[in-house]
Amino acid sequence: MSHETVPQTHPGTPMTAAAPAIEVRHLSHRYGGRYLYRDLNFAVPEGKVVALLGKNGVGKTTLIRLLMGYLRPAGGCCRVLGGDSHDLSPATRARIGLLFEGHLAYDFMSIAGIERFYRPFYPRWRRELYYELVDRLELPHNHRIGRMSCGQRSQVVLGLIFAQDPDLMILDDYSMGLDAGYRRLFLDYLKGFLDQGGKTVFLTSHVVQDMETLVDEVIVLQRGGDLVQMPLAELRARFRCYAFALERGESPRPDGVIENVDLHGREPLLYTFADPEVLAGHLARHWPQVRLGAERTMTLEDAFIGLTGKY
Ligand SMILES: Nc1ncnc2c1ncn2[C@@H]1O[C@H](COP(=O)(O)OP(=O)(O)OP(=O)(O)O)[C@@H](O)[C@H]1O
């Protein structure tokens, strides 16, 4: 899809009054000579659950590294809970619950040892929540992290994050290694965490269906660094998919009104944010060979594929 046609922040995105928990301004980053993004801009409002979605390799984990100040950007800046990412105070870091790819560095510690190690750093530490979660592993408390499976380690990390009772959770691929049952349990705990009020969650996940009932807003990051950000309800209401047939001539291409075209499935599909009348007028003027068929209902996963393309 043509990146020029996708605005940085989609028109129609309402401005939110709450102070942002995360603010990214004019951010660019590159590895060697290859830019992942140039001039990336978005904000995560306080008190919202925002999902960062994107295909493999678009730079989601890199963005989280930049937010936490682990990497220096080539340009621009990030602020988290009011602090510059490069200068986050220990007090601000203690308010951030971070689940990061790679999980635990302290794998020589035991289940009990790591809880004792983390506890002093967090003033609101909720020890009982940690043990509620890790005791479901049915492992002795002296069991070493290093001898756990990937999913078991994830459970320990999630227990540590909930015990921390942070104001902001940043969760990179929270479902990695979790079985379906524990993934649901985690989502239940997350909902309980959000019910306390005032909490912000910024998360990435490839399990797009989990986002349907969880998130307030989505940010879809495209290859090349363009993004679409909007409330989930608005995405549902405005993003449409139509089957189409071609009378003759070339297939339509993304052009600003047409967001994307998928020619790889059983029938060609066209995606748009435009109202039906606007689309009909646009097609009649620019793509008269297109015969529009029925509108297709979409899950969030369908919409994600519609925005990013299948491959
Ligand atoms: N240290 C590095 N040096 C060079 N390239 C890197 C480095 N880290 C990541 N990359 C590249 O940058 C791109 C973005 O990587 P990143 O891990 O941020 O993607 P992602 O969106 O989190 O992907 P996934 O969904 O697969 O986890 C990838 O092409 C990756 O190979």
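Me: How many other C-beta atoms lie within 10 Å of E301?
Reply: This is a predicted model, in which local features need pLDDT of at least 70 and side-chain atom pairs count only at pLDDT 80 or more, while totals for chains, interfaces and linings use all residues. Residues are numbered from 1 along each chain as its sequence is written. With C-beta atoms placed from the backbone, a residue is buried if 20 or more other C-beta atoms lie within 10 Å of its own, exposed if 12 or fewer, and partly exposed in between. E301 is partly exposed because the count for this residue is 15.

Me: Which residues does E301 touch, leaving aside those up to four places away in sequence?
Reply: E301 lies in helix α10, residues 300–308, where helices (H or I, at least four residues) and strands (E, at least two) are DSSP runs numbered from the N terminus. Its C-alpha atom is separated by 9.7 Å from that of D210, a residue 91 places apart along the chain. A contact requires C-beta atoms, placed from the backbone, within 7 Å, and the residues that E301 touches are V208 and Q209.

Me: Which residue of β2 is the bridge partner of I22?
Reply: Strand β1 (residues 20–31) and strand β2 (residues 34–45) run antiparallel and are joined by eight bridges, where two strands pair if DSSP finds at least two bridges between them. The two strands form a hairpin with two residues between them, and G32 in the turn has a positive phi of about 60°. Within this pairing, the partner of I22 is V44.

Me: What is the phi of D39, a residue other than glycine?
Reply: D39 lies in strand β2. It counts as partly exposed because 14 C-beta neighbours fall inside 10 Å. Its phi is positive, and the value is near 55°.

Me: Where does E138 lie?
Reply: E138 is not a glycine, yet it has a positive phi of about 55°. It is exposed because 7 other C-beta atoms are within 10 Å. Its place in the chain is the loop between α4 (127–134) and α5 (150–164).

Me: What is the radius of gyration of the protein chain?
Reply: The secondary structure of the chain comes to 10 helices and 14 strands. Taken over C-alpha atoms, the radius is compared with a globule rule of 2.2 Å times the number of residues to the power 0.38. For 311 residues this rule gives 19 Å, and the chain is as compact as a globular protein of that length because its own radius is close to that figure, at 22 Å.

Me: Over which residues does pLDDT stay under 50?
Reply: pLDDT is the predictor's confidence in each residue, from 0 to 100. The chain has a mean of 88, and 92% of its residues reach 70 or more, while the model scores ipTM 0.97 and pTM 0.88. The stretch under 50, for which the model has 27 contacts beyond four places in sequence, is residues 1–16.

Note on methods. Contact = placed C-beta atoms within 7 Å.
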